[in-house]
Number of protein chains: 2
Amino acid sequence: MQIDEVFMREALELAKRGWDKVFPNPMVGALIVRDGEVLAKGWHERYGAIHAEAAALANCLCDPIGATLFVTLEPCCHSGKGKHNPPCTDAIIRAGISRVVIARVDPNPSVAGGGISKLRDHGISVLTGVLEEESARLNRVYETLIREERPYVHLKAAISLDGFLAASDGTSKWISSAESRDTVMHFRSQSDGILTGRGTLFTDLPSLTVRDGENKISPGRQPARIFLNSRGKIPEGWQKEGGQVHIYHNQCCLIPENIKSDVHFCPVPGDSKGLSLPHVLSDLRKKNIHRLLVEGGSKTFGSFLRNGLWDRMTLFVAPILLGEGIPFSDGLEVSTVASKLKLRDMTSSRCGNDVMFNGYREALTCLPV
Amino acid sequence: MQIDEVFMREALELAKRGWDKVFPNPMVGALIVRDGEVLAKGWHERYGAIHAEAAALANCLCDPIGATLFVTLEPCCHSGKGKHNPPCTDAIIRAGISRVVIARVDPNPSVAGGGISKLRDHGISVLTGVLEEESARLNRVYETLIREERPYVHLKAAISLDGFLAASDGTSKWISSAESRDTVMHFRSQSDGILTGRGTLFTDLPSLTVRDGENKISPGRQPARIFLNSRGKIPEGWQKEGGQVHIYHNQCCLIPENIKSDVHFCPVPGDSKGLSLPHVLSDLRKKNIHRLLVEGGSKTFGSFLRNGLWDRMTLFVAPILLGEGIPFSDGLEVSTVASKLKLRDMTSSRCGNDVMFNGYREALTCLPV
């Protein structure tokens, strides 16, 4: 088992080379090993490119017959509309691989154990679960897209040590340190869309752009800017340079004259507590927004948390006290300690003067297989 | 200068040996050095024992004439009522020491540079400020006792990541992890008194005792238990085993039949915002309570913070959200980010699942000399 972990760890390192290039596909790495010798390596390089297993087989300069394939995700066994690659199981069987070691069963319903069955049906020995947690951790976004059928939702906020997003007069610049704000720019650059509620839009007039060290808008792709705003309005004078704008609303609204044509108005149902988040997230997924960064405010955080529609949370906690003000989340509906909302797999690290708390809705150790 | 720091660092290590034994005196260490060789070491061992400089001179087996004395606090130059030791300056002069290197000028008004002047008047070369910050850090309690004329006030709380001491139904057991609660036991064992407000006393019925790993009351000295309770009441059924009890109040009150004779009722002035903290602290100092641990609740924290009557704050922040509940501090009177209350010299570390924030009202780098 231990030697399997050594090779799987190398396969995971290969998988990481696809970071930010394969979305919404998972990152996958593969190694072909015989008698302790690595014959070939492969990884899924970018969206649309060949799969890791096929890449490793293509890179193998000798006949891999009787070799072991290490792969970080169950090989695919299906073809169909929108799929660029033939089933990897077929290529593995044809190549005469005799053993396959897999980190994680593919949660994609088109695979979901089917690849393993097919390999076993052809007499191939299959071992699964080797560094499963590490593989799932690497592909948290993919896991959410597949299992939850919605974008991966990352909540991010800067709060005072006593839990406030802003002071009682609404001021919030700056609660967090420059280092924390730099980290936020990194999060934005890794997102397909950034979402805020109406309050934040009107109070802070946030640009919601990726900017460089000199506060200039970065060249290249900018994440979409998404507003939950039942009345479909954007404030006068709002900074319009940046990514596409999507405004979710549930009222007929007149599009103001002064906004550019790339502002999209998206009607969704809503009730007294706000717009329907499942509808918003489903629509965002259709718009290829796979990684959503939610930047507040209080009502928006409350809504995502109350509905369990979030995956990751990063809070920059500054060593200051405000005593009162705007709480981190409004309407969480927790009334007693026993029903508290827990951050799982929590890590903490210093970010300038702040402490960055990072946690998840689900612990990876509890993942269903 | 660099070699001076090396010896001073050793003197500081000697000083630390007096930890918890010399209060309310400062911890002090001393070294006698000649031609780079350490001739003798000394430190203030316990309250009432001889001073570090005198100890080093007494331990010196050769004649220290022409040697340098390294001492972490300015040597004393006074005698008087309540002082157990003769002035150290006299002993230094008599011994023929030719140079004295001092970390920190003694803030005690009876010294406050007088020791340095006396040494210089006798032709001794004096250098001050070598590792001054480290010396002041070691003696934060002493510095407060002398400069503020009140006990050293350490605020301690366990809060949720969104800043609540308790959920909206008042439950707070347990927000923090077992490791954090163990650390609190350490803080209690290092305190002369533990203070809470009326709300905490009546809601949580806290024992406010030092307990061991099996939750049994530890043998030996227990810190005094102090309640701010304008009506002078303690709840029926409250766990009475533990340290002496002092109840500060501002109303005539009947002492209930069911409480032991070692409960002390202490009248102090008060107004609509609560009891007068300066009066409470002044009285506690008279009772030899030099290190006060304040354990809440919300109103009590607000009162200490609003009045600037605190020195250290330790918050155990648990990775949970409560959404609403009892805030960390009530009545802090901060309305805008610009007037936020900052924790200085902040450090953070993991304590089980929690992050322990530790900070101070004053940064040591800003200390007046």
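Polar contacts are found instead: 16 residue pairs across the interface of chain A and chain B, both residues at pLDDT 80 or more. A polar contact is a pair of N or O atoms within 3.5 Å; within protein, one must be able to donate a hydrogen and the other to accept it, and residues adjacent in sequence count only if both atoms are side-chain atoms. The model is predicted, with local features requiring pLDDT of at least 70 and side-chain atom pairs pLDDT 80 or more, while totals for chains, interfaces and linings use all residues. Residues are numbered from 1 along each chain as its sequence is written, chains are lettered from A and ligands numbered from 1 in the order written, and side-chain values use heavy atoms, without hydrogens and water.

The interface places 40 residues of chain A in contact with 40 residues of chain B, contact meaning heavy atoms within 4.5 Å. The area buried between the two chains is about 3,200 Å². Carbon and sulfur atoms give 64% of that area. Buried area is the accessible area (1.4 Å probe) that two parts lose on being put together, summed over both. A:L161, A:L321 and A:V337 supply 21% of the area that chain A buries against chain B, more than any other three residues.

Five strands of chain A each give two or more residues to the side that touches chain B: strand 15 (312-318), strand 16 (320-321), strand 18 (341-342), strand 19 (344-351) and strand 20 (354-360). Strands (E, at least two residues) and helices (H or I, at least four) are DSSP runs, numbered from the N terminus. Strand 19 of chain A gives the most, with 4 residues. By class, this side of chain A holds 22 nonpolar, 11 polar and 7 charged residues. Ala, Val, Leu, Ile, Met, Phe, Trp, Tyr, Cys and Pro count as nonpolar, Asp, Glu, Lys and Arg as charged, and the others, Gly among them, as polar.

Strand pairing also crosses between the chains. Strand 18 of chain A runs antiparallel to strand 16 (residues 320-321) of chain B, joined by 2 bridges; pairing requires at least two DSSP bridges. A:K342 stands opposite B:I320.

A rotation of 180 degrees with 0.0 Å of shift along its axis superposes chain A on chain B (RMSD 0.0 Å). In chain A, the C-alpha of A:G163 is nearest the axis, 2.1 Å from it. The copies meet through the same surface, because 100% of the interface residues of chain A are also interface residues in chain B.

Within chain A, two cis peptide bonds are noted. One joins A:K173 and A:W174, with omega about -15 degrees. A:W174 is found in the loop between strand 7 (164-166) and helix 7 (178-189). Another runs from A:G296 to A:G297, with omega near -5 degrees. A:G297 is found in the loop between strand 14 (291-294) and helix 10 (298-306).

Over all chains, 46 salt bridges are counted. One of them joins the side chains of A:R104 and A:E143 (2.7 Å, N to O). This pair links distant parts of the chain, 39 residues apart: A:R104 in strand 4 (residues 99-104) and A:E143 in helix 6 (residues 140-148).

Notes:
Least-squares fit on C-alpha atoms with pLDDT ≥ 70 in both. Salt bridge = Lys/Arg side-chain N within 4 Å of Asp/Glu carboxyl O.
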